[in-house]
Amino acid sequence: MDPISPLEQTLHAARALVLADLVAGEVAEADVVSLVEDSVTQRRWWVEQWPDGAGYVAGLVAQDVQDALLERYGRWPLCPVCGSGDPHALDVEPELGPDPHWVCHKAGVKVAAVGALGRATGGTPSS
Ligand SMILES: [Zn+2]
């Protein structure tokens with residue numbers, strides 16, 4: 001087999017990060033996973049046209065999935081920081097850049113890196 005190209009590694013990593021966040025939000029159902037696959041397919045084309053954008057793919061896939069979920073499922077990921085007020089979704093920052101994070105604009109905080117939402121939203125500490 002051929003070695004896995006850097007492009008495929010980038011796409012694979014982006015897919016894994018976004019899936020991890022979907023699992024954290026307990027929305028990683030089969031039809032949702034297919035949204036991730038759709039986005040990765042589109043971004044493969046995109047990054048082939050613009051290889052310098054490889055570092056931006058994870059943030060773009062996260063935003064693609066967020067947009068697709070908004071139509072089918074609702075807001076995702078819900079902000080885990082603000083305890084009161086209207087439920088609202090986190091945003092990816094930078095929209096087009098490396099090292100994407102989920103941020104809450106209401107509280108003005110970085111919540112977690114894309115792919116690390118599970119650690120920010122709690123769950124049971126494994127101590
Ligand atoms: Zn918030």
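**How many aromatic pairs does the structure hold?** I started here, with the reminder to myself that this is a predicted model. The structure holds three aromatic pairs. I looked up two of them in detail.

**Entry: Trp-46 and Trp-50.** A pair of aromatic rings is described by the distance of the centres and the angle of the planes, so those were the values I wanted. For Trp-46 and Trp-50 I found 5.4 Å from centre to centre and 90° between the planes, an edge-to-face pair.

**Entry: Trp-50 and Tyr-56.** Next I followed Trp-50 to its pairing with Tyr-56. The ring centres are 5.6 Å apart and the planes stand at 70°, so I noted this pair as edge-to-face too. Planes over 60 degrees apart count as edge-to-face. Trp-46, Trp-50 and Tyr-56 together form one aromatic cluster.

**Entry: is Trp-46 buried or exposed?** I checked its relative accessibility, which is 19%, so Trp-46 counts as buried. The cut-off for buried is under 20%. Trp-50, at 36%, counts as partly exposed. Tyr-56 has 21% relative accessibility and therefore also goes down as partly exposed.

**Entry: H1 against H2.** I then turned to the helices. H1 covers residues 6-24 and H2 covers residues 30-49; they pack at about 150°, with axes 10 Å apart. That angle makes H1 roughly antiparallel to H2, because angles over 145 degrees count that way. I put the crossing of H1 and H2 down as right-handed.

Which residues meet there? On the H1 side I listed Leu-7, Glu-8, Leu-11, Arg-15, Val-18, Leu-19 and Leu-22. Their partners in H2 include Val-32, Val-36, Glu-37, Val-40, Arg-43, Arg-44 and Glu-48. By class, I have ten nonpolar, no polar and six charged residues for the contact of H1 with H2.

**Entry: H1 against H3.** H3 runs over residues 57-72 and packs with H1 at about 45°, their axes 9 Å apart. H1 and H3 are therefore oblique to each other. I noted a right-handed crossing for H1 and H3.

From H1, the residues in this contact are Thr-10, Leu-11, Ala-14, Leu-17, Val-18 and Leu-22. From H3, I wrote down Val-57, Ala-58, Val-61, Ala-62, Val-65 and Leu-69. How many of the residues in the contact of H1 with H3 are charged? None: by class there are eleven nonpolar residues, one polar and no charged.

**Last jotting.** Leu-11, Val-18 and Leu-22 of H1 are in my lists for both H2 and H3.

Notes:
Residues are numbered from 1 along each chain as its sequence is written. This is a predicted model: local features need pLDDT of at least 70, side-chain atom pairs count only at pLDDT 80 or more; totals for chains, interfaces and linings use all residues. Side-chain values use heavy atoms; hydrogens and water are left out. Axes are lines fitted to C-alpha atoms, for helices over the stretch in contact, and angles run from 0 to 180 degrees between N-to-C directions. Helices (H or I, at least four residues) and strands (E, at least two) are DSSP runs, numbered from the N terminus. Angles under 35 degrees count as roughly parallel, over 145 as roughly antiparallel, 65 to 115 as roughly perpendicular and the rest as oblique. A crossing is left-handed if the near helix is turned anticlockwise from the far one by less than a right angle, and right-handed if clockwise. Contact means heavy atoms within 4.5 Å. Ala, Val, Leu, Ile, Met, Phe, Trp, Tyr, Cys and Pro count as nonpolar, Asp, Glu, Lys and Arg as charged, and the others, Gly among them, as polar. Rings of Phe, Tyr and Trp (its six-membered ring) pair if their centres lie within 6.5 Å; planes under 30 degrees apart count as stacked, over 60 as edge-to-face and the rest as tilted. Buried means under 20% relative accessible area, exposed over 50%, partly exposed in between (1.4 Å probe, protein chains only).
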